[in-house]
Amino acid sequence: MTGAGMGSGHTRRDFDDRADRFDRDAGLGDDSAGRIAAAIMELVQPQVGEMVLELGAGTGEIGRHLSEVAPRYLGLDASVGMLAVGRNPVAAGPAGGRVVACDCDGRWPVGDGVACCVFASRVAQLLDAEHIAREVRRVGARVVWWITGRARRDPWGYRELLRGRMREALRERGVEPRMSRGADSSVGAALTAAGGVAVEPVDAAVWMHRGSVSEMVGAWRDKRELGGVGVDRATRDAVLDEVERWAVERFGDTRATLESREVYTLSPVRFSDAPG
Ligand SMILES: C[S@@+](CC[C@H](N)C(=O)[O-])C[C@H]1O[C@@H](n2cnc3c(N)ncnc32)[C@H](O)[C@@H]1O
């Protein structure tokens, strides 16, 4: 397994490097993670012994809850650092969950026909859509759900405004940020082309994110890429210095605690070989 297996410029090392800070910088929170797991179970209604498989399981925020309620849970992730954070559901839940380090753009370490659900939270845009479609059909039981989850921020909250300014500053320097949402929907298109039926999205959790401008910009300073693309240190520093100057004018004290409303949405696609 190599970092090069990850798509869109992200490498395994990026996530390894960020693993210790990931939940603090980008975590969903335990309460929201529990609600998301419950909403998945309500959609899927697993049969005895069926597996819920999670791709890009990360630090296990959602997986820990899934392993408590699913008959079987397996989380896959290419980053050993993310898996090692310690909240992973290795021994949680009645049946016990498991996590395995692997590149999800390769063959998944799962037998044929065992999974009732393949779930991918905030990662589908990094994966190969055609490969996912083939593997979901292979590992899926007679009824199997493909479910992607993503968090959306209030467009007028400080987090989205900062992100927008950062992307604009990148463009001003000739760097085009990645359009992650288009890639996410290309997975949905591949899955429906393979015979899946898209089901109405579900808003599974809503919360207020509390943080500061300096925390958000600080987290960007530690990353190798900005806006989903690799940038050199000089460009990154110039972009983020500019974002900080803009933020001082817009928000005043960059250390003050601000709030941003966030919504986590599940987009399901259902495959069924069973009648009805
Ligand atoms: C943005 S994080 C999301 C983590 C978690 N699903 C969540 O929502 O909190 C993306 C995760 O996907 C993993 N990942 C990215 N590309 C992958 C690949 N090709 N195979 C396996 N894992 C991958 C990363 O290591 C990282 O843990």
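Predicted model: local features only at pLDDT ≥ 70, side-chain atom pairs only at ≥ 80, totals over all residues.
In which hand does α6 pass α9? I noted the crossing of α6 past α9 as right-handed.

**Entry: α6 and α9**

I looked up the geometry of this pair next. I found α6 and helix α9 (residues 233-251) packed at an angle of about 140°, their axes 9 Å apart. That angle makes α6 oblique to α9, because only angles over 145 degrees count as roughly antiparallel. I then listed who makes the contact. From α6 I wrote down Y158, L162, R165, M166, A169 and L170, and from α9 V239, E242, V243, W246, A247 and F251. Sorted by class, the contact of α6 with α9 has 10 nonpolar residues, no polar ones and 2 charged ones.

**Entry: α6 and α8**

I stayed on α6 and turned to its other partner in my notes. How do the axes of α6 and α8 lie in distance and angle? I read that helix α6 (residues 158-172) and helix α8 (residues 213-221) have axes that come within 11 Å and cross at roughly 40°. The two are therefore oblique to each other. On the α6 side the contact is made by Y158, R159, L162 and M166. On the α8 side I have V213, M216 and W220. The residues of the α6 and α8 contact divide into 6 nonpolar, no polar and 1 charged.

**Entry: α2 and α3**

I moved to another pair of helices. Helix α2 (residues 30-44) packs with helix α3 (residues 61-69) at an angle of about 45°, and I have their axes 8 Å apart. I therefore logged α2 and α3 as oblique to each other. Their crossing is right-handed.

**Entry: the ligand shell**

I then asked which residues come nearest to the ligand. I found 21 residues around the ligand, and G56, G58, A78, S79 and S121 come nearest among them. I sorted the shell by class as 10 nonpolar, 6 polar and 5 charged residues.

**Entry: confidence**

The mean for the protein is 89, and 89% of its residues reach 70 or more. Where is confidence lowest, and where is it highest? I found the lowest in helix α7 (residues 180-193), at a mean of 74. The highest is in strand β4 (residues 115-121), at 98. I also marked residues 1-5, where the pLDDT is below 50. That stretch has 11 contacts in the model beyond near neighbours in sequence.

Note on methods: Residues numbered from 1 in each chain as written. Near = placed C-beta within 6 Å. Nonpolar A, V, L, I, M, F, W, Y, C, P; charged D, E, K, R; others polar. Axes fitted to C-alpha atoms, helices over the stretch in contact; angles between N-to-C directions. Helix = DSSP H or I, 4+ residues; strand = E, 2+ residues; numbered from the N terminus. Parallel < 35°, antiparallel > 145°, perpendicular 65-115°, else oblique. Left-handed = near helix turned anticlockwise from the far one by under 90°. pLDDT = per-residue confidence, 0-100. Contact = placed C-beta atoms within 7 Å.
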